[in-house]
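Please open the structure in your viewer and keep the selection tool handy. We will hop from one selection to the next.

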Amino acid sequence: MRGLVLRLAGLNAGAESAMRLIGFFDTLVEQRLGLDGVLGMAARVAECPVGLAGAGPDGLTARPDGSTRPGGPPPGAAVRELRGGQRAWLAREGAPQPFAELLLERLALACDTVLSRRGSETVPLDPALLETAISSSAPLPERARALRLLGLAPSGTLTLLAVDGGRGPQGMTPVLDRLPPASAGRRRTAALGSVHAVAVAGPLPERLLAPAGFRIGVGPEVTATEAPRSWEGALRALRFAGTSRSDVGLAPVV
């Protein structure tokens with residue numbers, strides 16, 4: 001992937017360069033990166049801020065160094081509409097650059113693909129990677145590599161949830177549906193024995209409630225490479241969390 005970025009750094013107005021740019025975004029989609037990963041790599045190639053804005057105030061911005069943070073588009077940014085009220089954007093100062101419109105179009109398509117996978121995120125995609133990322137016995141380089149393969153920035157923030165429940169046909173859907181929509185492309189789940197681990201990059205609701213049949217423990221928000229500390233906290237919290245019952249409504253998490 002780093003080689004792709006380097007080869008794309010010298011884009012000119014030729015058709016070959018256009019195909020390389022299209023292939024670059026196809027690779028991002030094939031590697032199943034999250035929104036952080038797609039936006040971060042796109043910002044490096046574009047050498048300017050890019051992002052995804054929601055229908056509300058939430059949004060995600062990537063800087064040219066690949067780092068991401070919450071935020072929306074600045075005034076004058078080029079915008080491409082997605083389904084569901086989302087908007088991909090690119091903010092470049094100065095004279096227009098080759099393939100700026102094509103880059104924005106492919107970015108929008110890549111983000112749309114990531115968002116369309118929201119329903120499939122209820123299925124653990126790669127439990128071994130998330131298990132490595134939250135393991136206190138795994139060396140730091142291995143945890144950072146696992147995070148990158150999951151499409152999560154090692155330098156970003158992460159909160160771990162320990163969830164007991166979700167063994168029926170709907171799986172983890174009732175829990176994921178209660179998380180902010182803006183986090184859909186920035187969360188990963190894995191079934192670890194009888195407990196599900198849910199890693200969320202981004203803020204959680206101030207008052208998170210457990211759906212019927214679930215117990216939820218929430219760890220502290222940490223730098224992603226310190227995910228084991230958040231996971232250990234989530235497991236401790238889960239021991240004190242009560243199960244929500246359909247006849248009494250939603251239960252608070254611990």
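Select Cys 111 to begin: at 0% relative accessibility it is buried, where buried means under 20% relative accessible area with a 1.4 Å probe and protein chains only. Now pick Cys 48, which has a relative accessible area of 3% and is buried too. How many disulfides are there? The count is 0, taking a disulfide as a pair of cysteine sulfur atoms within 2.5 Å.

A note before moving on: this is a predicted model, in which local features need pLDDT of at least 70, side-chain atom pairs count only at pLDDT 80 or more, and totals for chains, interfaces and linings use all residues. Residues are numbered from 1 along each chain as its sequence is written, and side-chain values use heavy atoms, leaving out hydrogens and water.

Next, colour the open sheet of 5 strands, ordered S3-S2-S1-S5-S4 with antiparallel pairing. Strands are DSSP runs of E with at least two residues, helices runs of H or I with at least four, numbered from the N terminus; two strands pair if DSSP finds at least two bridges between them. At the edges are S3 (68–70) and S4 (78–81), each with a single partner strand, so one side of each has no neighbour in the sheet.

Zoom in on S1 (residues 50–53) and S2 (residues 59–62), antiparallel strands joined by 4 bridges. Here Val 50 of the pair faces Ala 62 in S2.

Finally, show helix H3 (residues 35–46), which lies across S1, S2, S3 and S5 (87–90). Helix H4 (residues 100–116) lies across S1, S4 and S5.

Key. Buried means under 20% relative accessible area, exposed over 50%, partly exposed in between (1.4 Å probe, protein chains only). Contact means heavy atoms within 4.5 Å. Axes are lines fitted to C-alpha atoms, for helices over the stretch in contact, and angles run from 0 to 180 degrees between N-to-C directions.
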